[in-house]
Structures are given as structure tokens and as C-alpha cells.
Amino acid sequence: MSLMEEIITAVDEMPPFPQVVQRAMRALAEPDYEVAGLVDILKVDQSITANILKLCNSAYFGLPRKVSSLKEAVVYLGANQLRQLLLSGAASKIYEKPSSGYTVFADELWRHALATAVMAQVLRQHLRFKIDENTLFTAALLHDVGKVVLSAFVIDKYRAIEQLVETGESSFQEAERQTLGFDHAEIGGKIAEKWEFPDAIITAISFHHEPARAAKEFRLLTEIVALANSLTVMVGYGTGVDGLACRGHDLLLKKLKIEARDLEKLVLLFQLEMVKTCEDAGVDGG
Ligand SMILES: [Fe+2]
Ligand SMILES: [Fe+2]
């Protein structure tokens with residue numbers, strides 16, 4: 001079997017993205033979703049139900065009494081918190097496969113993914129980009145999912161990739177292509193296709209290192225994911241050697257009309273938001 005065939009088999013063998021979460025996302029996308037309908041979708045999954053109650057009863061919400069019904073918790077949390085909790089829960093299970101090939105600990109990759117999603121949200125909110133929140137959060141959270149599959153195959157090739165990056169001539173993605181014939185963004189797009197995600201998400205994942213190649217209708221989304229990715233690397237949420245070769249972010253800043261002075265504020269907002277999200281997701285944010 002060729003390396004590419006092995007990868008395609010591995011993509012096929014990836015666990016499905018949880019149906020309950022996908023169904024809940026569709027329900028939450030409705031502007032006036034029905035709480036009862038949402039509860040019906042969520043209650044079939046015990047661990048999701050437990051996590052929702054746990055978050056609602058956490059110190060962060062500081063509610064005067066314990067909430068024990070799912071319905072009440074759904075009302076308290078609201079659409080945004082619920083969406084983040086559900087997507088982060090599903091994505092963390094997918095990222096937490098060991099990715100030894102990238103000499104990245106699974107939790108480092110997961111932390112980077114979560115940070116990218118938080119950064120993308122901050123960019124969207126404070127620069128008022130007209131992008132669907134749900135689509136952006138999902139795309140940013142899953143942008144590096146291809147690394148989960150590729151890592152199983154690159155252990156022996158990893159050193160070669162690293163050396164190419166260290167010469168400063170290749171970006172990480174170029175080095176992957178030269179060494180393997182494909183890269184993690186491409187594989188990530190295939191995984192998103194298998195999960196039957198919308199085209200917007202498939203595109204943003206596939207082109208998160210080269211947003212200019214994204215179809216016009218999804219370009220802004222892809223640019224925000226790309227920028228969020230390199231900004232998180234800059235502020236210390238990268239993954240190993242990946243961080244050495246994040247290019248093109250000056251161009252993106254210009255294109256998205258973000259001034260240098262805004263960046264400082266955005267990074268601060270990101271850090272505040274990240275601490276809160278890590279608490280919610282039970283991740284060590286430090
Ligand atoms: Fe990437
Ligand atoms: Fe990344």
C-alpha cells in the first residue's frame with residue numbers, strides 16, 4: 001500500500017464526529033431554537049448531560065443554588081456557551097490521540113486548536129467580521145485535525161521535515177509536501193469531508209496555510225482561521241517546529257485591516273478569554 005493509500009484508509013477509520021453534537025449544532029443555528037427540542041437531542045448522551053450540568057454549577061457561574069435539570073442548565077448557559085462546550089468536548093476526544101510523529105504531545109495540539117478557536121472568536125467579535133460564529137469556531141477548532149492522522153505515519157519522516165524547516169527555506173507545510181507528497185491541511189479537509197461538514201468548514205481547514213487559494217465565498221472565513229492560527233503560535237500556543245515557519249501573517253493583517261496597535265489589545269482579550277475557556281473545558285491553559 002502506498003503512503004497515500006495508507007492515509008486514506010486512516011481517514012476512513014477516523015471515529016465519526018458525534019451525531020448528537022452535530023444535531024445540536026443544527027438546532028442551535030436556528031435564531032429562536034426551542035429549548036425542549038434541544039434537551040431531547042442532548043439527553044441521550046449521558047456524558048454531555050453531565051458536562052453541561054457541571055459547567056452550569058461551576059464557580060464561574062456562581063449560581064445561588066445547584067441546577068440539576070438539563071433544561072434549566074440549557075437556559076442558563078445560552079447558545080454560545082453550549083456551542084463551545086459541545087464542540088470542544090467532541091474535538092478534544094479527537095485531538096487527544098497521541099501524535100508522536102510531530103513530537104507534539106496530544107494535549108499540546110489540543111491546546112493549540114482550542115487557542116485558535118478562541119483567537120478566531122476574539123477577532124470576529126472585536127473587528128466585527130460578518131462570519132457565522134458557529135462555522136468559525138468549528139473550523140478554527142478543527143483546523144489541524146489532519147495532524148492527528150498524519151502523525152501516525154510520519155515518525156520516520158519527521159526528522160527530514162524538521163530539517164527542511166530549520167533551514168528556513170520551507171514552511172512546515174512545504175516541508176511536509178516535499179517529504180510526504182501531501183500536508184496536514186489537505187488531510188484535514190478530507191476528514192471534514194468524511195464528517196459531512198459544510199463546504200465552508202472543509203475549505204477553511206484545507207487552506208488554513210494558504211487562504212488565497214480558498215474559494216471567494218469562504219475566503220474571509222479562511223483568512224480569519226489562518227490569522228488566528230499564526231497569532232496563537234506567536235503568543236506561545238504553537239506546536240513545536242510549526243511555530244518557526246508561520247508566514248504571511250503581515251499580509252493577512254494588512255488585508256483584514258488590523259493595525260499593529262489593535263494587536264496588543266486583541267492578544268490581551270484573547271488571554272482573558274482563554275483562561276475562562278480552559279476552565280470550562282477542563283484544560284490546563286498555562
Ligand atoms: Fe496547520
Ligand atoms: Fe495550527
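Q: Where does Gln22 lie, and what makes it count as buried?
A: Gln22 lies in helix α2 (residues 19–29). This is a predicted model. The relative accessibility of Gln22 is 12%. Buried means under 20%, so Gln22 counts as buried.

Q: What makes the contact between Gln22 and Trp195 a polar contact?
A: A polar atom of the Gln22 side chain lies 3.1 Å from the backbone oxygen of Trp195. The cut-off for a polar contact is 3.5 Å.

Q: Why is the pair of Trp195 and Phe197 called edge-to-face, once the search of the whole structure has found its aromatic pairs?
A: The search finds five aromatic pairs. In the pair of Trp195 and Phe197, the centres are 5.9 Å apart and the planes are at 80°. Pairing needs centres within 6.5 Å, and edge-to-face needs planes over 60 degrees apart. Both conditions hold, so the pair is edge-to-face. Both Trp195 and Phe197 are buried. With Phe17, they form one aromatic cluster.

Q: How do you know that the pair of Tyr237 and Phe270 is edge-to-face?
A: Their ring centres are 5.5 Å apart and their planes are at 85°. The angle is over 60 degrees, so the pair is edge-to-face. This pair links distant parts of the chain, 33 residues apart. Tyr237 is in the loop between α13 and α14 (249–255), and Phe270 is in helix α15 (residues 260–281).

Q: Are Tyr237 and Phe270 buried or exposed?
A: Tyr237 has a relative accessible area of 10%. Phe270 is at 0%. The cut-off for buried is under 20%, so Tyr237 is buried and Phe270 is buried.

Q: Which atoms count as donors of the iron ion (ligand 2), and why?
A: The protein donors are His112 (NE2), His143 (NE2), Asp144 (OD) and Asn229 (OD1). They lie 2.1 to 2.3 Å from the iron ion (ligand 2). The limit is 2.8 Å, so these atoms count as donors.

Q: Why is the site of the iron ion (ligand 2) called irregular?
A: The angles among its four donor atoms run from 82 to 174°. A tetrahedral site needs all angles between 85 and 135 degrees. Along the chain, the donors follow the spacing H-x30-H-D-x84-N. His143 lies in the loop between α7 (133–142) and α8 (146–150), and Asn229 in helix α13 (residues 219–234), so the pair ties together parts that are 86 residues apart in sequence. His143 is buried, at 0% relative accessible area. Asn229 is also buried, at 2%.

Q: What makes the arrangement around the iron ion (ligand 1) irregular?
A: The donors here are Asp144 (OD), His184 (NE2), His208 (NE2) and His209 (NE2), at 2.2 to 2.3 Å. Their angles are 84 to 171°, which makes the arrangement irregular. Again, tetrahedral would need angles between 85 and 135 degrees.

Q: Which residue coordinates both iron ions?
A: Asp144 coordinates both, and the ions are 3.5 Å apart. Asp144 lies in the loop between α7 and α8, and His209 in the loop between α12 (199–206) and α13, so the pair ties together parts that are 65 residues apart in sequence.

Q: Why do Asp144 and His209 get their accessibility labels?
A: Asp144 is at 0% relative accessibility, so it counts as buried. His209 is at 26%. Exposed needs over 50% and buried needs under 20%, so His209 counts as partly exposed.

Q: How do you know that the buried residues of α4 are on the same side?
A: The buried residues of helix α4 (residues 46–56) are Ile48, Thr49, Ile52, Leu53, Leu55 and Cys56. They cover an arc of only 165° around the axis, which puts them on the same side of α4. The face turned away from that buried side carries the exposed residues Gln46 and Lys54.

Conventions
Residues numbered from 1 in each chain as written. Chains lettered and ligands numbered in written order. Predicted model: local features only at pLDDT ≥ 70, side-chain atom pairs only at ≥ 80, totals over all residues. Heavy atoms only, no water. Donors = N, O, S within 2.8 Å, 3.2 Å for Na, K, Ca; no water. Tetrahedral: all angles 85-135°; square planar, octahedral: opposite > 155°, others 65-115°. Helix = DSSP H or I, 4+ residues; strand = E, 2+ residues; numbered from the N terminus. Buried < 20%, exposed > 50% of the residue type's maximum accessible area, 1.4 Å probe, protein only. Arc of directions from axis to C-beta. Phe/Tyr/Trp six-rings, centres within 6.5 Å; stacked < 30°, edge-to-face > 60°. Polar contact = N/O pair within 3.5 Å; in protein donor to acceptor, adjacent residues only side chain to side chain.
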